Amino acid sequence: SVVEKYLQPFQLSPETLQEVSARLRKDLLRGLGKHSHHKAPVKMLPTFVRATPDGTEKGDFLALDLGGTNFRVLHVRVEEEAQKVLKMDSQICAIPQEMMLGTGEQLFDHIATCLGDFLESHNLKCQTLPLGFTFSFPCEQLEIDKSILIRWTKGFNCSGVEGKDVVQLLKEAIQRTGDYHIGSVAMVNDTVGTMMSCGYKDQSCEIGMIIGTGTNACYMEEIKNVKRIEGEDGRMCINTEWGGFGDDGSLDDILTEFDVEVDKTSINPGVHIFEKMISGMYLGEIVRLVLVKMTKDKLLFKGQISEALGTSGRFETKFISEIEDGLENAKKILTELGLDWGLVDASVVCLVCDTISSRSAYLCAAALATLVNRIRNNRKLDHLKTTVGVDGTVYRKHPTFSSKLQKAVRLLAPQCDITFLVSEDGSGKGAAMVTAVAQRLAHQSRLLEESDGEDDDDEEEEEGQ
């Protein structure tokens with residue numbers, strides 16, 4: 001049919017999806033390489049998280065979550081007996097607009113003050129609790145507690161922070177403003193928090209994936225394959241930053257004219273091409289552009305583009321979920337957008353939404369298949385059983401997204417048996433879990449060092465000090 005002609009470029013065959021998966025595999029290797037990672041579109045950032053939970057973690061933790069116009073402070077308790085991660089209390093603090101553009105010192109003083117108020121009001125000031133810090137901006141992580149801000153995004157532009165260690169800035173602010181102490185700090189990327197918040201319930205959770213406003217994933221890689229880190233045994237969680245896949249042109253052959261338009265009019269043209277085909281920030285706009293073109297070609301709405309339909313950003317991604325949930329919703333939304341629609345129009349709009357959300361699910365599946373196949377090959381297994389922790393509004397809210405994604409992954413990674421778990425508060429509970437695991441590992445390595453040093457003569461002396 002005529003409609004098919006418009007939608008055909010969005011329909012990706014299983015062969016094409018396999019090709020996309022293979023290209024991402026090459027990019028993972030480029031990102032892991034010692035000399036190739038600087039230029040790699042898929043960044044493959046080491047997170048210094050060296051293990052997933054083993055179920056023995058316990059204790060009280062603080063979590064800070066800064067990723068937008070608010071930040072949250074949480075008190076989290078990990079209970080070994082019940083295998084539970086409990087959010088005891090949390091508080092949201094606003095960050096005023098002018099502070100987002102002021103000095104870094106002001107921003108971190110504000111955070112330290114709010115953290116102090118929280119501890120005061122929950123009678124936690126006398127304790128020295130370890131802290132997990134989810135800081136959702138591009139950072140170069142050098143250690144679990146050392147992370148350099150590369151650049152501000154999302155409307156922040158505080159002076160004196162880019163190029164600096166945010167953990168250091170936080171600690172200095174606490175010293176300046178606070179009459180309290182915090183214990184060790186662990187920096188947490190939100191994908192890692194997603195993986196770890198599921199990892200206490202299900203210890204086979206080794207992948208974290210977010211499909212919301214943006215998209216990204218992390219997974220457990222063998223350290224010997226992470227060439228920019230000195231070779232060691234064991235594993236490390238890698239934050240892929242897969243949204244950047246295609247930034248070097250590697251996906252140009254599957255981009256449609258509508259994707260090219262969305263990229264051109266975005267605030268960061270040429271950057272995060274894969275993300276722009278998949279994530280919530282862009283899906284509504286892709287649908288809008290397709291509907292506008294069909295209307296111009298007199299296929300829809302008697303050729304009349306309403307003011308709303310003609311305005312970028314006015315067709316929201318949440319409309320896609322609502323429209324696919326039923327024809328009645330579609331009629332309501334089209335009326336609200338000021339369109340003169342008939343039944344055929346409404347069903348065509350449903351088809352457009354379905355096509356574009358399906359493509360998103362399939363592309364995500366191709367990328368996820370790359371990760372699970374990589375883990376399987378790393379471990380030389382015929383069959384891998386693993387769990388993926390998932391978060392994000394597109395995955396959670398869309399009526400068929402998760403089932404399409406899962407079906408497609410089964411096709412593209414037939415030797416892998418994957419369980420999907422929706423993450424419970426990755427940037428709160430997950431951040432506490434990262435901190436808890438880091439503490440467990442530090443404690444275990446101290447015990448090892450002590451048992452290695454048992455034969456030393458100065459043992460008694462140590463005791464007496």
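This is a predicted model: local features need pLDDT of at least 70, side-chain atom pairs count only at pLDDT 80 or more; totals for chains, interfaces and linings use all residues.
Residues are numbered from 1 along each chain as its sequence is written, and local features are reported where pLDDT is at least 70, side-chain atom pairs only at pLDDT 80 or more, whereas totals for chains, interfaces and linings use all residues. Side-chain values rest on heavy atoms, with hydrogens and water left out.

According to the unreviewed UniProt entry, the annotation "domain: Hexokinase N-terminal" covers residues 3-200; positions from this record are given in the numbering used here, feature names are shortened, and annotations may be inferred rather than shown by experiment. Over residues 3-200 the chain is 34% helix and 27% strand, with 48 Å between the end C-alpha atoms. Helices (H or I, at least four residues) and strands (E, at least two) are DSSP runs numbered from the N terminus.

Strand S2 (residues 59-66) pairs with S3 in the antiparallel sense over eight bridges, and a hairpin joins S2 to S3 through three residues. Within this pair, Leu62 stands opposite His75, while Asp60 has Arg77 as its bridge partner. Strand S3 is also joined to S4 (residues 84-94), in antiparallel fashion, by ten bridges, among them the one between Glu79 and Lys84. The hairpin of S3 and S4 has four residues between the strands, and Gln83 takes a positive phi near 50° there. Strand S3 (residues 70-79) is mostly covered, with seven of its ten residues buried, where buried means under 20% relative accessible area, exposed over 50%, and partly exposed in between (1.4 Å probe, protein chains only).

The loop between strand S1 (45-46) and S2 contains Thr52, which counts as buried because its relative accessibility is 17%. Beyond its neighbours within four places in sequence, Thr52 is in contact (heavy atoms within 4.5 Å) with Met195, Met196, Gln203, Cys205, Met220, Val437 and Arg440.

The largest nonpolar core has 112 residues, and Met209 and Leu405 have the most contacts inside it; such a core is a set of buried Ala, Val, Leu, Ile, Met, Phe, Trp, Tyr and Cys residues joined through side-chain atoms within 4.5 Å. Helix H12 (residues 343-378) supplies the largest share of this core, 18 residues. Apart from its neighbours within four places in sequence, Leu405 is in contact with residues including Met209, Ile211, Ala361 and Phe420. A second, separate core of 39 residues includes Leu64, Leu107, Leu131 and Phe135.

In helix H10 (residues 317-324), the buried residues are Thr317, Phe319, Ile320, Ser321 and Ile323. These buried residues pack against helix H9 (280-296), helix H11 (327-336), H12 and helix H13 (393-397).

How values were computed: Two strands pair if DSSP finds at least two bridges between them.
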